[in-house]
Amino acid sequence: ALGAGSAVLAQDNRFNRWMAGEGARYFGRADDCADQLDRLLGSGGEAERNAMEAASRARHMEAFQWPDILK
């Protein structure tokens, strides 16, 4: 998802926070996920989605390039 530049909405846990970084949005419960989706997919969510997409691309470039992974 990061490499594709997708906005990331993930379950809130240590691994997902490390992987996706600060530009993702996180949820703890199903209703929190639904609230996040409503906000992101509703009118006015486009700017936030665009920022999340840019953050995903940046996180991918920062931490998940093959030379770094192979080290």
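Author: Before we start, a few terms: two residues are in contact when heavy atoms of theirs lie within 4.5 Å. Helices (H or I, at least four residues) and strands (E, at least two) are DSSP runs, numbered from the N terminus. This is a predicted model, in which local features need pLDDT of at least 70 and side-chain atom pairs count only at pLDDT 80 or more, while totals for chains, interfaces and linings use all residues. Residues are numbered from 1 along each chain as its sequence is written, and side-chain values use heavy atoms, with hydrogens and water left out.

Reader: Thanks! In what order do the elements of the protein run from the N terminus on?

Author: Let's begin by counting: the protein has 4 helices and 2 strands. Read from the N terminus, they come in the order β-α-β-α-α-α.

Reader: What percentage of the residues of the protein count as buried?

Author: A residue is buried under 20% relative accessible area, exposed over 50%, and partly exposed in between (1.4 Å probe, protein chains only). The C-alpha atoms fill a box of roughly 40 × 25 × 15 Å along the principal axes. Of the 71 residues in the protein, the share that counts as buried is 28%.

Reader: How far does helix α2 reach from its first C-alpha to its last?

Author: The expected span of a helix is 1.5 Å times one less than its number of residues. Helix α2 covers residues 30–41, which makes 12 residues, and the expected value is 16 Å. The model comes close to that, with a reach of 16 Å.

Reader: Which residues of α2 are buried?

Author: Look along the helix axis, and take the arc as that of the directions from this axis to the C-beta atoms. The buried residues of α2 are Cys33, Gln36 and Leu40. They span an arc of only 65°, which puts them on the same side of α2.

Reader: On to α3: what do its buried residues pack against?

Author: The buried residues of α3 are Glu48, Met52, Ser56 and Arg59. They lie on the same side of α3, because they cover an arc of only 85° around the axis. On the other side, Glu46, Ala47 and Met61 are exposed. The buried residues of α3 pack against α1 (14–20), β2 and α2.

Reader: How far is the backbone oxygen of Ser6 from a polar atom of the side chain of Ser56?

Author: Ser56 lies in helix α3, and it is buried because its relative accessible area is 3%. Leaving aside neighbours within four places in sequence, Ser56 is in contact with Leu2, Gly5, Ser6, Ala7 and Val8. A polar contact is a pair of N or O atoms within 3.5 Å; within protein, one must be able to donate a hydrogen and the other to accept it, and residues adjacent in sequence count only if both atoms are side-chain atoms. Between the backbone oxygen of Ser6 and the side chain of Ser56, the distance is 2.6 Å.

Reader: Is Ala58 buried or partly exposed?

Author: Ala58 is also found in helix α3. With a relative accessibility of 45%, Ala58 counts as partly exposed.

Reader: How far apart in space are Val8 and Ala24, C-alpha to C-alpha?

Author: Val8 belongs to the segment before β1, and it counts as buried because its relative accessibility is 14%. Beyond four places in sequence, its contacts include Leu2, Ala20, Ala24 and Ser56. Val8 and Ala24 are 16 residues apart in sequence, yet their C-alpha separation is 5.0 Å.

Reader: Last one: which residues make up the largest nonpolar core?

Author: A nonpolar core is a set of buried Ala, Val, Leu, Ile, Met, Phe, Trp, Tyr and Cys residues joined through side-chain atoms within 4.5 Å. In soluble globular proteins, nonpolar side chains tend to be buried together. The largest core here has 7 residues: Leu2, Val8, Ala10, Ala20, Ala24, Tyr26 and Phe64.
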